[in-house]
Amino acid sequence: MFGYIMRRVLLMIPTLILISMISFVTIQLPPGDYLTSYAATLRTQGESIQEEAIAQLRDRYGLGQPVYQQYIKWVTGIITKGDWGQSMEWQRPVGELIWERLGLTLVLSLVSLFVGWFIAIPIGVYSATHQYSIPDYVMSVISFIGVGVPGFLLALIVMYFAQTRLGLNVGGLFSEKYINAPWDWNKLVDMLRHFWIPMLILSVEGTAGGIRTTRANLLDELNKPYVELARAKGLTEQRMLWKYPVRVALNPFFSTVGWSLANLVSGATLISVVLSLQTTGPMQLRALTSQDMYLAGTFLFLLSALTVIGTLISDILLAWVDPRIRLEA
Amino acid sequence: MADVDRTRPANEVPAAEEEIESGGEQVYVAPPWKLMWWRFRKHKMALISSVVLILFYFVAVFTEFVAPYDPDQNMLQFKQVPPTAMHIRDVEGQFHFAFVYQHVRTMDPQTFQITVKEDMSARYPIQFFVHGFTYKLLGLWQTDVHLFGIPSAKDQQGVFLFGTDRLGRDVFSRICYGARLSLSLGLVSVFLSLALGVVLGGISGYRGGAVDTLIQRVIEFIRTIPTIPLWMTLSAALPADWPVVRVYFGISVILSLVGWTWMARVVRGRFLSMREEDFVLAARLNGSGEMRIILRHMLPSFLSYIIANLTLSIPNMILSETALSFLGLGLRPPAISWGVLLQEAMNVRSLMLSPWVLTPGFAVVIAVLAFNFMGDGLRDAADPYAR
C-alpha cells in the first residue's frame, strides 16, 4: 500500500508540471496583455496615457519577454519563494489574494459532495429495494429533473424566491460587516448562515446523479447469489442489505470522486458568480476579462491541482475499501 | 468494456422484449432498424421527448415564422410587460377561441414595478397566419406571414407569451431565435467531438499497446481539469471583436476539446470488445485490409450505439454553451442564444421586476431533459439483439 501511494504521488509531479504549462499558455492566448486592455480602458474613460509609463510597466512585469521565459520565471518564483506573481489589477501579490477564496471554494465543493452523498445513498437504496413503487417513480422523476436543471439557473430561481417571498438577501457568503474582517467566531457563524443555500444548490446535481447510480448498482447486486446466501443464513433484510450489497454498490462513489470534485468546482464557479460568493469564481472571471494573467493562471492551475489530488485520494480510498482492486494499475 | 454505464442496472429489461417475443414469425425476418424501432417505441418518455425535440428543431428552422415579433425590436411602450394572459371565456360567459384583453399599464412611481390591468371592453382574438414583420423564409422566400398574432395596430396591444424584457423585446420571439444558435451549437460541437473521439478512440482501441496507453493518459489528464474554469479561460481568449459566426465556431471547438474524451472512451470500449468477435476474425482470415475491417464490418455494428451516446452528450454541450454565454464569455449580444438571454437575469433588478426573463432557462431544461430521455430510449434500442 505504501509503495502504491508513493508511486502515485511521484506520478503526480509530471501531471502538475503539465497542468502549470497549460494554465500558463492558455492564459497567454488572448491577443494583447493586461497593459493593452488597461490602456484601452483608460482611453475609453477619456484619460491620457503616457506611452513611457506603459512601457515601463511592461518592462517591470516582464511582459515583453517570450512566453517560455515568463513561464520559467513564474515557476521558479513559485518553487523557490512560494511567489505566485503579482496581480496587476489588484496591485498585490497573487498569493495574498487567493488562499481564502480557494479555501472557501474547496470547503463549498467538499461539503456539497458529502451532503449530496448523504442524501443520495439512503434514497437510492430505498428506490432499489422498492423498485417500481410509487416513491421510486417519484424519486426517479425528481432525480431526472435534478440532472437537467443547471445549477446556475437553480441559483437564480432560489435568489428570486428568497428575495421576493422571504425577503432574504442570499448573495454573498458573509454579511457586509464581516467581508473584510479577520476570521473569528462571529464571522464563522455568519458564514454558516449564508453557506447552506449555495451548498444545497450545488449538491442538487450530485444528489440526483447519486440516486440514479446507487439505484442502478444496487439493483445489479441484489440479484447476485451472495445476497441469496446471506438471506438463507437468516440475516435480517436490513442487516444483509447494509452489510453486503450496499457496500459494493457504493464503489463508483469512490472511484469517481475525482471527477465529481472537478464537476463541483466547475459548478461552484457558476453558482458563485450568480450569488456573488467570495470564492474563486467571480475573481477568476474578473481576472480573465481584464487579462490579469498571473491571477487567472494561478486559479486555473490550483483548481486543476486540487482535482488531481482529489483523484489521488479517491484512488487510495478505493483501493482501501475494495480489496479486489489491483494496485499495479 | 471500459465504460460501463453506471446509471442503469443490467437487469432492468427493456420493455420491448415481450413484443419481440410475442411477435411470432415476424421477429425472425425483421431487419435491425425495425427491431430498433419496436424497442424504441416501448420507451414512452423517449417517444414523447422525440416529439418535443422535433418541435424545438422545427422552431429553430422556421424561427421567423413562429416568432410573432422581431427579436431586436424595442417596443418602448411595452417595457417589462408580464406574460399576456390568454382567455377563452369573456365577461358575459361566452366562449371564444383564445383571445387577449386590452392591457392598461400603470407604474408604481416608487418601485418602478409595473402592474397590468385588463380592460375587459376591448377584445383581441388570437389569429393564425397573421401579417407581421417581413423576413425571408429559409433565406429564400420573402414573406410576412407569422404563425400567430393579434390583428391590431402594433402600439395598442401585443401578445407576449413570455412577457417582454427591459428594452421591450418579446421574450418568446427571442427564445425562438435563441433556439437556432443554442440547439445547433450543441449538434456542431457534438459532431466535432465525435470526429475527434472516433479517430482517437478508434486508434486507441484497435491498436492497443503504447498508443493506447498514451491516449488514455491524455484523456485522464484532460478530465482532471475542471471544465468550466478551463472553458472560461479558453473562451476569454476569443477576441471580443470577432463576428458572431466565428465566435460560434470558436465556442464549438472549445467545447469539443473536452467533449471528445468521453466519446473516445465509448468508441475504445466498443473496439476492444469487438476486436475479439468471430466476424472480425473471419473478415481478417478472408484477407480484408484493416481499413475495410473497421469501416465495413466494425463501424456498422456499433453505429447505433454511437448515435445513442451522441444524443446523450448533446445536453452537456447545450448546458455548457448556456453557461459560457451566461458568464459573458461565449456568444455575445447582438447574437441571441439561450445563454445570452439568461444574462438578462444576472441583472438583479431586472430579475426582481420581471422574473419571466428566466423562461429561456426552462427552454434549456426541457431541451436537456428531452435529449436525455431520447438518448436513454435510443440506447435501449441500439442493440436489438441483446437479451
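A residue counts as buried here if 20 or more other C-beta atoms lie within 10 Å of its own, as exposed if 12 or fewer do, and as partly exposed in between, with C-beta atoms placed from the backbone. With that in hand, let's start with helix α14 of chain B, where 20 of the 24 residues are buried, leaving the helix mostly covered. Helices (H or I, at least four residues) and strands (E, at least two) are DSSP runs, numbered from the N terminus.

A word on conventions: residues are numbered from 1 along each chain as its sequence is written, while chains are lettered from A and ligands numbered from 1 in the order in which they are written. This is a predicted model, in which local features need pLDDT of at least 70 and side-chain atom pairs count only at pLDDT 80 or more, whereas totals for chains, interfaces and linings use all residues.

**The two chains**

Here is how the chains look side by side.

| Chain | Residues | Buried | Secondary structure |
|---|---|---|---|
| A | 329 residues | 38% | 15 helices, two strands |
| B | 387 residues | 39% | 14 helices, five strands |

The C-alpha trace of chain A spans about 85 × 55 × 40 Å along its principal axes. Two residues are in contact if their C-beta atoms, placed from the backbone, lie within 7 Å. In chain A, 73% of the contacts between residues at least 6 apart in sequence join residues at least 24 apart. For chain B, residues 24 or more positions apart account for 71% of the contacts with a separation of 6 or more.

The expected span of a helix is 1.5 Å times one less than its number of residues.

How do α12(B) (residues 338-346) and α14(B) (residues 359-382) meet, and at what angle do their axes cross? The axes come within 8 Å and cross at roughly 140°. Axes are lines fitted to C-alpha atoms, for helices over the stretch in contact, and angles run from 0 to 180 degrees between N-to-C directions. Angles under 35 degrees count as roughly parallel, over 145 as roughly antiparallel, 65 to 115 as roughly perpendicular and the rest as oblique; α12(B) and α14(B) are therefore oblique to each other. On the α12(B) side the contact is made by W338(B), L341(B) and L342(B), and on the α14(B) side by P360(B), G361(B), A363(B) and V364(B).

**Where the chains touch**

Between the chains, 38 residues of chain B are in contact with 48 residues of chain A. Helices α7, α8, α11, α13 and α14 of chain B each supply at least two residues of the side that touches chain A, and α8(B) gives the largest share, eight residues.

**Inside α6 of chain A**

Helix α6(A) has 15 residues and reaches 21 Å from its first C-alpha to its last, close to the 21 Å expected. Its buried residues are M139(A), S143(A), G146(A), V147(A) and G148(A). What covers them includes α5 and α8 of chain A together with α14 of chain B.

S143(A) has 25 other C-beta atoms within 10 Å and is buried. Apart from its neighbours within four places in sequence, S143(A) is in contact with A208(A), I211(A) and R212(A). S143(A) and V204(A) are 61 residues apart in sequence, yet 8.7 Å apart in space, C-alpha to C-alpha.
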